[in-house]
Amino acid sequence: MNTKLIKTESENQAALARIEALFDAQLGTPEGDELELLIILVELYELQTYPMDMPSTVDAIRFRMKQQGMKAKDLTPYIGSPSKVFEVLSDKRALSLSMIRNLVDGLNIPALFA
């Protein structure tokens, strides 16, 4: 096993190909150890090379709505009146603490997005 930090896209592609070859390796074997190390190195490279911003609160709410097949009217138990829902979804109204709590509890949206 000759592994090193991944610094280029071609090195990343080679590591991904090796991961695919080792995918069924047993944990605790030299191949399994190499697989674990390569996964960590690829993840580190991709986090540094392709950073992702956190979604906005509205984006997080819309994502959860899409996951659960919800319409805007389905948010009224969590946010309030239809006009409040519209204002929140159009970024014209900030979420209140009670709205945040309702979304966290009712839709399992992490509080860091709210």
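Me: How many helices and strands does the protein have?
Reply: The protein has six helices and zero strands. Along the sequence, the pattern reads α-α-α-α-α-α. Both elements are DSSP runs, numbered from the N terminus: helices are H or I over at least four residues, strands are E over at least two. This is a predicted model, in which local features need pLDDT of at least 70 and side-chain atom pairs count only at pLDDT 80 or more, while totals for chains, interfaces and linings use all residues. Residues are numbered from 1 along each chain as its sequence is written, and side-chain values use heavy atoms, with hydrogens and water left out.

Me: Why is Asn-12 called buried?
Reply: Buried means under 20% relative accessible area, exposed means over 50%, and partly exposed is in between (1.4 Å probe, protein chains only). Asn-12 has 1% relative accessibility, so Asn-12 counts as buried. This residue lies in helix 1 (residues 9–22).

Me: What does Asn-12 touch, not counting residues up to four places away in sequence?
Reply: Asn-12 touches Ile-6, Val-42, Tyr-45 and Glu-46. Contact means heavy atoms within 4.5 Å.

Me: What share of the 114 residues in the protein is buried?
Reply: Buried residues make up 27% of the 114.

Me: How do you know which way the buried residues of helix 5 face?
Reply: Start with the residues. In helix 5 (residues 82–89), Val-85, Val-88 and Leu-89 are buried. Seen down the axis, they fall within an arc of 90 degrees, so they line one face of helix 5. The arc is that of the directions from the helix axis to the C-beta atoms. An α-helix has 3.6 residues a turn, so residues three or four places apart point the same way.

Me: What covers the buried residues of helix 5?
Reply: The cover includes helix 3 (57–67), helix 4 (76–79) and helix 6 (97–107).

Me: What puts the buried residues of helix 6 where they are?
Reply: Met-99, Ile-100, Leu-103 and Leu-107 are buried in helix 6. They cover an arc of only 100 degrees around the axis, which puts them on the same side of helix 6. They pack against helix 3, helix 4 and helix 5. The face turned away from the buried side carries the exposed residues Leu-97, Arg-101 and Asp-105.

Me: Why is Asp-91 called exposed?
Reply: Asp-91 has 61% relative accessibility, so Asp-91 counts as exposed. Asp-91 lies in the loop between helix 5 and helix 6. Its phi is near 60 degrees, a positive value in a residue other than glycine. Most residues other than glycine have a negative phi.

Me: Where is Asn-108 found, and is Asn-108 buried or exposed?
Reply: Asn-108 is found in the segment after helix 6. At 54% relative accessibility, Asn-108 counts as exposed. Asn-108 also has a positive phi, about 60 degrees, although it is not a glycine.
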